[in-house]
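Colleague: I'm new to this one. Can you walk me through it, piece by piece?

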Amino acid sequence: MKSTPLSLIAGVVALAAVTGFAALTVPGDDGATEAKAAARLPVERSSLLCPAPSTSDLAETTYTSFTPAAKDGPKDGTAELKAAEALPADEDEPADGKTGDADDKADADDKKKTDADDKEKAADSKPVVSLKDLGKPVTAETSKSGAPALVGTATDRFAPGWTTQQTTTAAAGGARGLLGVSCTAPDTDFWFPGASTGASRQDYVHLTNPDDTAAVADIELYGAEGPLKSDVGEGITVPARSSVPLLISTLTGEAAENVTVHVTTRSGRVGAVVSAAEDEVGSDWLAASADPAGTQILPGIPADATSVRLVAFAPGEDDADVKVQLLGKNGTFSPAGNDTLHIKSQMTASVDLKNVTRGEPGSLRLTPTDGSRTPVVAALRVVRGTGAKQEVAFIPATGPVGERATVADNRAKGSVLSLTAPGKTAKVKVTASAGSEGGEAAVKTYTVKGGTTLEVTPEAPAGLKGGYALTVETESGGPVHAARTLTISEGGIDMFTVQTLQDDGGTVEVPEAEQDLSVLDD
């Protein structure tokens with residue numbers, strides 16, 4: 001009797017769509033895998049984690065969630081972000097020293113507390129943000145002090161390219177600023193050059209666990225002279241579906257102006273991001289750098305930047321010597337006096353590039369000078385304004401937009417898109433989605449000359465109401481790196497935040513078997 005194992009084929013396709021990996025072992029093939037990359041299919045599940053936004057009573061936070069439109073694919077699915085949960089209390093723990101009426105009163109009090117806790121848990125179980133349609137963002141707002149971190153999952157039609165932006169406006173106080181971050185996918189390894197344990201900085205690393213079991217993380221700190229001594233950075237437990245913020249300066253007794261933070265997990269996964277607040281300058285989120293590599297691109301330095309500081313780190317055993325180049329509006333050049341940077345192994349290096357862009361938008365490129373391609377990670381601390389009107393943001397090294405990348409929460413005014421082609425000239429398609437409250441999508445194509453940075457004000461959707469998302473797709477040419485700057489004027493200060501755009505990983509390769517999988521039964 002001849003049979004065709006279709007369920008096996010379907011299972012492999014589903015596995016690949018969820019995990020990005022699948023393999024087929026053909027019966028009678030002694031374990032050999034007869035497969036080859038043949039097609040790309042949409043992912044079926046995506047996870048995002050948003051850190052707790054602010055503890056300030058003056059902060060207002062907007063969440064904007066979005067999945068790009070698709071021509072075909074699954075019809076069902078969800079995309080929801082919910083409040084992260086705290087570790088549940090032990091309900092079996094007895095109350096000590098309580099008898100008779102005291103026990104009855106204690107039981108009544110416990111019941112009231114339990115009822116209140118149940119109501120709070122029920123409220124927390126409701127989605128904070130929930131997508132309804134493809135191609136149209138959904139927003140939610142909170143001004144609650146101590147708003148929780150969010151944990152979310154998108155499935156089926158909402159999974160490919162799902163993104164969420166968290167934007168907080170803090171008009172006053174020590175954390176004054178516009179704090180923007182693209183909510184992150186869980187992982188096991190993160191690098192944050194550009195943090196600090198200095199007296200003028202209050203930097204927190206936020207660890208959020210999306211899973212149903214606890215994660216255990218380690219945090220290493222590196223200053224200009226090497227590793228910073230820490231007795232409390234190892235074995236940090238992050239409870240299931242919970243978030244833990246850690247003040248970085250409490251992890252070590254050493255004060256260092258420029259610090260590289262390395263987060264890894266021994267077990268489980270976390271989302272990690274650093275919130276940085278600097279006295280009299282402002283605050284913003286510092287996202288993780290691209291993975292260590294010989295060449296790094298840091299896109300989207302504003303034209304009016306008054307101070308730019310490059311912070312870099314070489315995690316390997318070898319020192320790194322990199323060429324520092326600015327990809328400007330009309331070409332590539334090296335900053336005077338700072339054309340190279342020596343980065344000692346396991347030591348954080350920094351250089352003040354001052355107002356390197358000189359009135360024109362630009363992006364920074366780091367390349368090896370000696371051909372060794374020693375891997376590095378990097379980030380920029382960028383300041384706009386002077387005196388009491390200074391405002392700070394951070395730009396980590398980032399990968400190319402690849403097939404497609406999206407950033408949400410763009411406004412009718414204040415959004416600027418930076419496109420950089422470090423190699424060959426490239427052509428990209430930029431889609432401004434429908435607005436969250438109305439409007440029609442707009443599409444425009446741009447050509448980015450090799451070795452330059454093109455800054456554009458996106459064409460807003462016709463009849464725009466609310467916020468919108470920007471999706472960048474590479475159509476031809478070399479790789480393109482991108483960043484979005486959002487500026488909001490508050491109290492006479494142009495507060496700003498910069499988010500880099502990375503390939504959304506909306507599709508995965510699915511192998512195709514080279515031979516017939518049919519089997520003959522004896």
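Modeller: Terms first: two strands pair if DSSP finds at least two bridges between them. Strands (E, at least two residues) are DSSP runs, numbered from the N terminus. This is a predicted model: local features need pLDDT of at least 70, side-chain atom pairs count only at pLDDT 80 or more, and totals for chains, interfaces and linings use all residues. Residues are numbered from 1 along each chain as its sequence is written, and side-chain values use heavy atoms, with hydrogens and water left out.

Colleague: Fine. Which strand does β3 join, and by how many bridges?

Modeller: β3 joins strand β8 (residues 150–155) by six bridges, and the two run antiparallel. Ser 46 has Ala 154 of β8 as its bridge partner.

Colleague: How many of the residues of β3 are buried?

Modeller: Five of the six, so strand β3 (residues 45–50) is largely enclosed by the rest of the structure. Buried means under 20% relative accessible area, exposed over 50%, partly exposed in between (1.4 Å probe, protein chains only).

Colleague: And how many disulfides does the structure hold?

Modeller: One. The term means a pair of cysteine sulfur atoms within 2.5 Å. Cys 50 is joined to Cys 183, S to S 2.0 Å. The link is right-handed, with 110° about the S-S bond.

Colleague: What does that pair tie together?

Modeller: Cys 50 lies in strand β3 and Cys 183 in the loop between β10 (177–182) and β11 (189–195), so the pair ties together parts that are 133 residues apart in sequence.

Colleague: Are those cysteines buried or exposed?

Modeller: Cys 50 and Cys 183 are both buried.

Colleague: New topic. How many aromatic pairs does the structure hold?

Modeller: Three. Rings of Phe, Tyr and Trp (its six-membered ring) pair if their centres lie within 6.5 Å; planes under 30 degrees apart count as stacked, over 60 as edge-to-face and the rest as tilted. One of the pairs is Phe 190 with Phe 192, stacked at 6.3 Å centre to centre with 15° between the planes. Both Phe 190 and Phe 192 are buried.

Colleague: Why is the pair of Trp 191 and Phe 313 called tilted?

Modeller: Their planes are at 35°, so the pair is tilted; the ring centres are 5.5 Å apart. Trp 191 lies in strand β11 and Phe 313 in strand β21, so this pair ties together parts that are 122 residues apart in sequence. Both Trp 191 and Phe 313 are buried. With Tyr 222, they form one aromatic cluster.

Colleague: What does β21 pair with in its sheet?

Modeller: Eight bridges join strand β21 (residues 305–313) to strand β27 (residues 377–384), running antiparallel. Ala 312 stands opposite Ala 378 in β27. The open sheet has four strands in the order β25-β21-β27-β28, with antiparallel pairing.

Colleague: Which are the edge strands?

Modeller: β25 (348–354) and β28 (391–396), each pairing on one side only.

Colleague: Last one. Where does Ala 217 lie?

Modeller: In strand β13 (residues 215–223). Ala 217 is buried, with a relative accessible area of 0%.

Colleague: What does Ala 217 touch?

Modeller: Not counting residues up to four places away in sequence, Ala 217 touches Leu 207, Gly 233, Glu 234, Gly 235, Ile 236, Thr 264 and Thr 265. Contact means heavy atoms within 4.5 Å. The C-alpha atoms of Ala 217 and Gly 235 are separated by 5.6 Å, with the two residues 18 apart along the chain.
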